[in-house]
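The following account leads the reader through a single protein structure.

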Amino acid sequence: KNLTLGFDPSLFTRKQINTYFSNSLILKPIVNNLIDEIYSKKIPKTKPFFSLKDKIVGESYKSKINKISNILRTNKADYLFVSAPENVAWTLNIRGSDNPNSPMPNCRLIIGKDKKLFLITKKEKATKILKNNKINKLQIINPENFLDLIKKLKGNKFIIDPLSCSILNESLIKSKFRIINK
């Protein structure tokens, strides 16, 4: 049948779409969030992310970034896009209160082979980790400015996780970089 299904490309990975729908439907990405169009916006209560002490987590975030930087160099890649919030939390030793049942911060992270970090989140979420000097305010990127950041980055290759990187973010990265799935 020639059925068409609209989907939000910011919520699904390529693998999910292929697994669930394969070639059984015509898939159409919907850029506008349809829920936002019919639902009046509530202003969510925002609590900033917070850092965990190295003593508690066992390894400093700088040590983890050094290891990731070495992996990027080994794979001849310029950047790693960390798309799963739990992996951002582990890498930076941070937690959040975005979900009432989980301490995971709702954010993404880009790590460069030069150890430069870009935390993709709203600025008000990062106030405490700014005070801890984990990152500076220029390294906090509003999710709406993700494409602008991608356009400014120098290099050729990005590593993404195809199991957690949304189709939208993958296509934005692909607009300038060659993607290596590792």
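Asn-169 is located in helix 8, where helices (H or I, at least four residues) and strands (E, at least two) are DSSP runs, numbered from the N terminus. The model is a predicted one, in which local features need pLDDT of at least 70 and side-chain atom pairs count only at pLDDT 80 or more, while totals for chains, interfaces and linings use all residues. Residues are numbered from 1 along each chain as its sequence is written, and side-chain values use heavy atoms, with hydrogens and water left out.

With a relative accessibility of 16%, Asn-169 is classed as buried; the term buried denotes under 20% relative accessible area, exposed over 50%, and partly exposed the range in between (1.4 Å probe, protein chains only). Leaving aside residues up to four places away in sequence, Asn-169 touches Phe-81 and Phe-146, contact being defined as heavy atoms within 4.5 Å.

Helix 8 (residues 167-174) belongs to a right-handed β-α-β unit together with strand 9 and strand 10. A crossover is called right-handed if, with the strands pointing away from the viewer, the path from the first strand over the helix to the second runs clockwise. Strand 9 and strand 10 (residues 178-181) run parallel and are joined by 4 bridges; two strands pair if DSSP finds at least two bridges between them. Within this pairing, Ile-160 stands opposite Asn-181 of strand 10. Strand 9 (residues 157-160) also runs parallel to strand 4, to which 2 bridges join it. Here Leu-80 is the residue opposite Ile-159 of strand 9. In a regular strand the side chains alternate between the two faces of the sheet.

The charged pairs come next. Side chains of opposite charge can pair when their charged atoms come close. The structure holds 5 salt bridges, a salt bridge being a side-chain nitrogen of Lys or Arg within 4 Å of a carboxyl oxygen of Asp or Glu. Glu-170 is buried at 10% relative accessibility, whereas Lys-174 is partly exposed at 45%. Arg-14 is linked with Glu-170 and Lys-174 in a network of salt bridges.

Another salt bridge connects Lys-113 with Asp-78, with the closest N and O atoms 3.2 Å apart. Lys-113 lies in the loop between strand 6 (108-112) and strand 7 (117-120), and Asp-78 in the loop between helix 4 and strand 4, so the pair ties together parts that are 35 residues apart in sequence. Of the two partners, Lys-113 is partly exposed at 36% relative accessibility, and Asp-78 is buried at 12%.

A further salt bridge joins Lys-125 to Asp-98, the closest N and O atoms being 2.1 Å apart. Because Lys-125 lies in the loop between strand 7 and helix 6 and Asp-98 in the loop between strand 5 (94-95) and strand 6, this pair ties together parts that are 27 residues apart in sequence. Lys-125 is buried, with a relative accessible area of 12%, while Asp-98 counts as partly exposed at 28% relative accessibility.

Ser-69 and Lys-113 are 44 residues apart in sequence, yet their C-alpha atoms are 4.6 Å apart in space. Beyond residues up to four places away in sequence, Ser-69 touches Lys-113 and Lys-115.

Lys-76, in the loop between helix 4 (61-74) and strand 4 (79-82), has a positive phi of about 55° although it is not a glycine. Lys-76 is exposed, with a relative accessible area of 61%. Asn-133, in the loop between helix 6 (127-131) and strand 8 (140-141), likewise has a positive phi, of about 60°, without being a glycine. Asn-133 is exposed at 64% relative accessibility.
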